[in-house]
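Open the structure in your viewer and keep the selection tool at hand. We will go stop by stop, and each stop says what to select and what is there.

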Amino acid sequence: ICNDTSQGRRAVEQLRTEAGLERMKVSKAACELLQYCRAHAQSDPLLTGVPASANPFKDKKTCSIL
Amino acid sequence: MCDQTFLAIVFGPCDKCSKEKPLRAIYIKSEQLNYCSLCVEMMATEGLHENETLASLKSEAESLKGRLEEERAKLHDVELHQVAERVEALGQFVMKTRRTLKGHGNKVLCMDWCKDKRRIVSSSQDGKVIVWDSFTTNKEHAVTMPCTWVMACAYAPSGCAIACGGLDNKCSVYPLTFDKNENMAAKKKSVAMHTNYLSACSFTNSDMQILTASGDGTCALWDVESGQLLQSFHGHGADVLCLDLAPSETGNTFVSGGCDKKAMVWDMRSGQCIQSFETHESDINSVRYYPSGDAFASGSDDATCRLYDLRADREVAIYSKESIIFGASSVDFSLSGRLLFGGYNDYTINVWDVLKGSRVSILFGHENRVSTLRVSPDGTAFCSGSWDHTLRIWA
């Protein structure tokens, strides 16, 4: 019984803290996610695709001199 | 000589039993009461405050949960993908396996990139931990752990050490040395001790501290040098399977996910749980912060990946398809946060448009479950590890 009530008390206190959190509207939060993506899109190699010369994993075409 | 203070003893009628006895001041709901020592003892062993019973706590918990739902619902004015309608759709993606790292003798369970964007550490079921040069596919270091199922491994920020652990319930740090005569295993340092398997580990901003997650239901922060426990994080109701540290600019928090279907965000200094999210329908295998630190994604055995926004305090996107019925084991974002890569138990990797919620690509190649996936530090490629014993670098 001791255990259950102390667990119960902790759960209630945790829920009280969480209930008191300051929240933002989804519309505003979503806008900020969009803004971040937009601001960093150009510097995202997997998104924009980079040429072989800039990506060490992409094999560069080699010229062989015969 | 120092001054001595004496506890002033008040004698009088006890507020509970009314007997004339030496009294102790106690506080219940901010009210000061004077109880005799016998009543204080009885209260402590009962574990109950006045007016508080298990039933009343349960009903308060229920009403608080209801209030939380209401508060969260009030702000749910729109869906993320609706706001994202005005964003340009993504084009076709061509991502191929550029390197295959072969050498593990059994299932690859975990991997991590070095900050130098080229080295990788990986661990497997047969107890081997290997450090690779991903450009050349050469193995630079290898160590055999005394246990099987090395489920967690991490590269130190300096690139000079690695951490790993699994069924040994510990997290050990191995300094990396290029001296051929040195036996890597000899310099091993045991840092963390849990009472069940180690499922995840990560260095914090320096080589000095390690954060661990365990099957014992807790996470813990350790000092590497002394092995001392600095902080422990209790709250998950079952095994913790994954964790991720917030990007350094956003401060001292981390997120963890577990078999209790909950994702929890913690304050590293106080050990407090700041926020928790329980919308998944099964174990959460992987959690990863969005690059800005304002959100995080999760991958679960319920075959979905989800995005949770920390400031809106709710789930804002689900990445799923009727055709995807196997669990997602591992997720990571591309540098801008626009793409979410998910490794699944059906051997595939699905690439999601984070904002629009649609799948933009599906990558085939592995011949068994994908168990781990991380994007490289400079975002030029990502690495996946699989139960097919190999790791693949995709770009």
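Select chain A and follow it from the N terminus: its elements run α-α-α. That makes three helices and zero strands. Helices (H or I, at least four residues) and strands (E, at least two) are DSSP runs, numbered from the N terminus. This is a predicted model, in which local features need pLDDT of at least 70 and side-chain atom pairs count only at pLDDT 80 or more, while totals for chains, interfaces and linings use all residues. Residues are numbered from 1 along each chain as its sequence is written, chains are lettered from A and ligands numbered from 1 in the order in which they are written, and side-chain values use heavy atoms, with hydrogens and water left out.

Stay with chain A for its totals. Of its 66 residues, 38% count as buried. Buried means under 20% relative accessible area, exposed over 50%, and partly exposed in between (1.4 Å probe, protein chains only). Chain A exposes about 4,300 Å², and carbon and sulfur atoms supply 54% of that area. Accessible areas come from the Shrake-Rupley method with a 1.4 Å probe; for residues, only the protein chains shown count as cover.

**Stop 1: helix α2 of chain A**

Select residues 26–40 of chain A. This is helix α2, with 15 residues. From first C-alpha to last it reaches 21 Å, close to the 21 Å expected at 1.5 Å a residue. The expected span is 1.5 Å times one less than the number of residues.

Now colour the buried residues of α2(A): A:Val26, A:Ala29, A:Ala30, A:Leu33, A:Leu34, A:Tyr36 and A:Cys37. They cover an arc of only 160° around the axis, which puts them on the same side of α2(A). The arc is that of the directions from the helix axis to the C-beta atoms. An α-helix has 3.6 residues a turn, so residues three or four places apart point the same way.

What do the buried residues of α2(A) pack against? Show chain B: they pack against its α3 (80–83), β22 (295–300), β23 (305–309) and β24 (314–319). Then turn to the face away from the buried side. Exposed A:Gln35, A:Arg38 and A:Ala39 are there.

**Stop 2: A:Leu47**

Move along to helix α3 of chain A (residues 45–48) and pick A:Leu47. At 16% relative accessibility, A:Leu47 counts as buried. Leaving aside neighbours within four places in sequence, A:Leu47 is in contact (heavy atoms within 4.5 Å) with A:Ala41, B:Leu90, B:Phe93, B:Ser336, B:Arg338 and B:Leu339.

**Stop 3: chain B as a whole**

Select chain B. It has three helices and 31 strands. Its C-alpha atoms fill a box of roughly 85 × 60 × 35 Å, taken along the principal axes. Of its 395 residues, 54% count as buried. The accessible surface comes to about 17,700 Å², of which 49% belongs to carbon and sulfur atoms.

**Stop 4: helix α2 of chain B**

Select residues 54–74 of chain B. Helix α2 here has 21 residues and reaches 30 Å from first C-alpha to last, close to the 30 Å expected at 1.5 Å a residue. Its buried residues are B:Leu57, B:Ala61, B:Leu64, B:Leu68 and B:Arg72. They cover an arc of only 70° around the axis, which puts them on the same side of α2(B).

**Stop 5: two loops**

Find the loop between β9 (152–155) and β10 (161–165) of chain B, and pick B:Pro157. Buried or exposed? At 18% relative accessibility, B:Pro157 counts as buried. B:Thr204 is 47 residues away along the chain, with its C-alpha 8.2 Å from that of B:Pro157. The contacts of B:Pro157 beyond four places in sequence include B:Lys115, B:Thr204 and B:Asp207.

Next, go to the loop between β19 (263–267) and β20 (273–277), where B:Met268 is found. B:Met268 is buried, with a relative accessible area of 8%. Its contacts beyond four places in sequence include B:Thr204, B:Leu221 and B:Phe254.

**Stop 6: B:Ser386**

Finish in strand β30 (residues 382–386) of chain B, at B:Ser386. Its relative accessible area is 0%, and B:Ser386 is buried. Not counting residues up to four places away in sequence, B:Ser386 touches B:Lys107, B:Val108, B:His366, B:Asn368, B:Arg369, B:Val370 and B:Ser371.
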